[in-house]
Amino acid sequence: MQVRIIQELEKKFRGKHVVLTSQRRMLPRPTRKSHTKDKQERPRILSLTVLQDSILEDLVFLSETVGKRIRVELDSSWSINIHLCKVQQNYVEHKVETFCIVSKKLTSKSVNFEFLEFQL
């Protein structure tokens, strides 16, 4: 369904890339001063890292993510390398720059996409 919607929108807006992400919700980290009625722990699904990972998965849904490397620089900035399957390179290669820009805006982390052969 998502593939067809994106294809139709790209036909309508010629020469522009279309990206769809779902709306997600995040709960803040519990602190001593936070008052919750039921005193339950925050589910991992509603944490920031899971939210950012799911945004990246939504961006590259046409290709399979083979691997991911996270590098923390000396200035505390994160650099993420995401390895995509080389089989689907023809479908996604022209959109990689768009994926980098959109993910930087949404997650405030620099992301690089690379195509690798899948090996067991």
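Predicted model: local features only at pLDDT ≥ 70, side-chain atom pairs only at ≥ 80, totals over all residues.
How much space lies in the largest cavity? About 40 Å³.

Start by selecting residues 48-59, which form helix 2, and residues 96-107, which form helix 4. Their axes come within 11 Å and cross at roughly 155°. Angles over 145 degrees count as roughly antiparallel, so helix 2 and helix 4 are roughly antiparallel to each other. The crossing of helix 2 past helix 4 is right-handed.

Next, show the side chains where the two helices meet. On helix 2, pick Gln-52, Ile-55, Leu-56 and Leu-59; on helix 4, pick Phe-99, Val-102, Ser-103, Leu-106 and Thr-107. This contact of helix 2 with helix 4 has 6 nonpolar and 3 polar residues, and no charged ones.

Now keep Leu-59 and Phe-99 selected, as both also line the largest cavity. By class, the lining has 8 nonpolar residues, 1 charged residue and no polar ones.

How many cavities of 30 Å³ or more does a search of the whole structure find? The search finds 1.

Terms used: Residues numbered from 1 in each chain as written. Heavy atoms only, no water. Axes fitted to C-alpha atoms, helices over the stretch in contact; angles between N-to-C directions. Helix = DSSP H or I, 4+ residues; strand = E, 2+ residues; numbered from the N terminus. Parallel < 35°, antiparallel > 145°, perpendicular 65-115°, else oblique. Left-handed = near helix turned anticlockwise from the far one by under 90°. Contact = heavy atoms within 4.5 Å. Nonpolar A, V, L, I, M, F, W, Y, C, P; charged D, E, K, R; others polar. 1 Å grid on protein atoms, 1.4 Å probe; cavity = no way out; pocket = protein on both sides within 12 Å on 5 of 7 lines; lining within 4 Å. Points joined across faces, edges and corners; volume = space filled by probe spheres on them.
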